[in-house]
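Notebook open, model loaded. I jotted things down in the order I looked them up.

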Amino acid sequence: MFDISAFSSPQTWISLLTLTFMEIVLGIDNIIFISIVVNRLPREQHKRGRTIGLMLALLFRIGLLLSISWIVSLKEPLFTLNLPFLEPNFGISGRDIILLLGGLFLLGKSTTEIHTKLQGEEDGGGTGKYDSLLRVIVQIIIIDIVFSFDSILTAVGLVDNVLVMILAVILAMGVMLAFSGYIADFVNKNPTIKMLALSFLIMIGIMLVMEAFHKEIPKGYVYFAMFFSLLVETLNMRLRKKTTPVHLRDSQFD
């Protein structure tokens with residue numbers, strides 16, 4: 001399982017770099033969620049909450065990588081359903097249940113956050129509006145478990161060396177940990193970006209629910225839509241900063 005001699009091959013290093021990049025891309029939604037939920041903590045605990053959240057994600061993914069056979073077994077049906085809107089003998093696996101619960105949790109949490117922002121609650125408006133660190137960490141653990149499955153299944157599909165997978169996860173998590181603070185500050189300082197991020201999480205929640213019912217949505221479309229929307233909003237932000245108010249000239253008849 002831990003074949004160190006494989007690192008003498010250039011192909012192994014290419015696989016490591018490719019997998020690391022994929023882990024970073026797949027971890028973007030995790031960073032967005034952590035950035036938003038950690039914002040429910042007092043400001044002095046933000047960095048601590050992000051660090052604990054990402055370290056828990058790292059431990060979960062390494063643990064799951066060390067139990068790949070169990071992960072694969074989760075794709076086997078536990079029972080079947082016969083409902084009008086489903087195909088005959090629709091098989092429900094452990095992975096389907098986890099994706100469904102995770103998707104519903106993400107939908108509920110994101111919708112609640114949007115509702116809170118639209119109601120006009122200000123961050124840090126009072127101690128009664130803060131969540132406890134334990135509550136935030138529990139939410140991070142729940143979503144980490146769900147997001148880890150995409151990460152692990154991608155790793156299994158690209159590489160068959162567990163050591164390469166673990167190194168890729170560690171490198172990707174190091175990059176995310178280094179930039180998570182900047183991403184969190186950028187999201188929290190720009191209300192439109194934060195609303196856009198919450199909308200992304202709703203879209204990801206819908207995608208997870210669809211996957212639970214075996215309706216695969218190509219992730220490339222989802223991530224392209226996310227990056228394109230972010231690019232457009234970034235251009236709008238720059239335009240708003242450069243635009244100067246229009247001043248009407250005095251009438252020549254005055």
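This is a predicted model: local features need pLDDT of at least 70, side-chain atom pairs count only at pLDDT 80 or more; totals for chains, interfaces and linings use all residues.

**Entry 1: helix H3.** The buried residues I listed for H3 are His46, Gly49, Arg50, Gly53, Leu54, Ala57, Leu58, Arg61, Ile62, Leu64 and Leu65.

I then checked the length of H3. At 1.5 Å a residue, its 20 residues should span 28 Å, and the end C-alpha atoms are 29 Å apart, so the two agree.

**Entry 2: H3 against H7.** How close do the axes of H3 and H7 come, and at what angle do they cross? I got within 10 Å and roughly 165 degrees, with H3 covering residues 46-65. The cut-off for roughly antiparallel is over 145 degrees, so H3 and H7 count as roughly antiparallel to each other. Their crossing is right-handed.

Next I wrote down who makes the contact. From H3 come Arg50, Thr51, Leu54, Met55, Ala57, Leu58, Arg61, Ile62 and Leu65. H7 puts in Val162, Met165, Ile166, Val169, Ile170, Met173, Met176, Leu177, Ser180, Gly181 and Ala184. Sorted by class, that contact has 15 nonpolar, 3 polar and 2 charged residues. Arg50 and Arg61 of H3 are in this contact, and both are on my buried list too.

**Entry 3: H8 and H9.** I moved on to H8 (residues 191-212) and H9 (residues 219-242), which pack at about 170 degrees with their axes 11 Å apart. That angle makes H8 roughly antiparallel to H9. On the H8 side I noted Thr192, Ile193, Leu196, Phe200, Met203, Ile204, Met207 and Glu211. They meet Lys219, Val222, Met226, Ser229, Leu230, Glu233, Met237 and Arg240 in H9. The class count for this contact is 10 nonpolar, 2 polar and 4 charged residues.

The length of H9 checks out as well: its 24 residues should span 34 Å at 1.5 Å a residue, and the end C-alpha atoms sit 35 Å apart, which agrees. Which residues of H9 are buried? Val222, Tyr223, Met226, Glu233 and Met237 are. These buried residues pack against H1 (10-26), H2 (28-38), H7 (162-189) and H8.

Entry 4: His214 lies in the loop between H8 and H9. For reference, most residues other than glycine have a negative phi. Is His214 buried, partly exposed or exposed? At 38% relative accessibility, it counts as partly exposed.

**Entry 5: Phe90.** Phe90 belongs to strand S2 (residues 90-93). Its relative accessible area is 2%, so Phe90 is buried. With Thr80, the separation is 10 residues in sequence and 5.1 Å in space, C-alpha to C-alpha.

**Entry 6: whole chain.** Last, I stepped back. I noted 9 helices and 2 strands, in the order α-α-α-α-β-β-α-α-α-α-α from the N terminus. Of the 254 residues, 43% count as buried. For contacts between residues at least 6 apart in sequence, 79% join residues at least 24 apart.

Terms used
Residues are numbered from 1 along each chain as its sequence is written. Side-chain values use heavy atoms; hydrogens and water are left out. Axes are lines fitted to C-alpha atoms, for helices over the stretch in contact, and angles run from 0 to 180 degrees between N-to-C directions. Helices (H or I, at least four residues) and strands (E, at least two) are DSSP runs, numbered from the N terminus. Angles under 35 degrees count as roughly parallel, over 145 as roughly antiparallel, 65 to 115 as roughly perpendicular and the rest as oblique. Contact means heavy atoms within 4.5 Å. Ala, Val, Leu, Ile, Met, Phe, Trp, Tyr, Cys and Pro count as nonpolar, Asp, Glu, Lys and Arg as charged, and the others, Gly among them, as polar. The expected span of a helix is 1.5 Å times one less than its number of residues. Buried means under 20% relative accessible area, exposed over 50%, partly exposed in between (1.4 Å probe, protein chains only). A crossing is left-handed if the near helix is turned anticlockwise from the far one by less than a right angle, and right-handed if clockwise.
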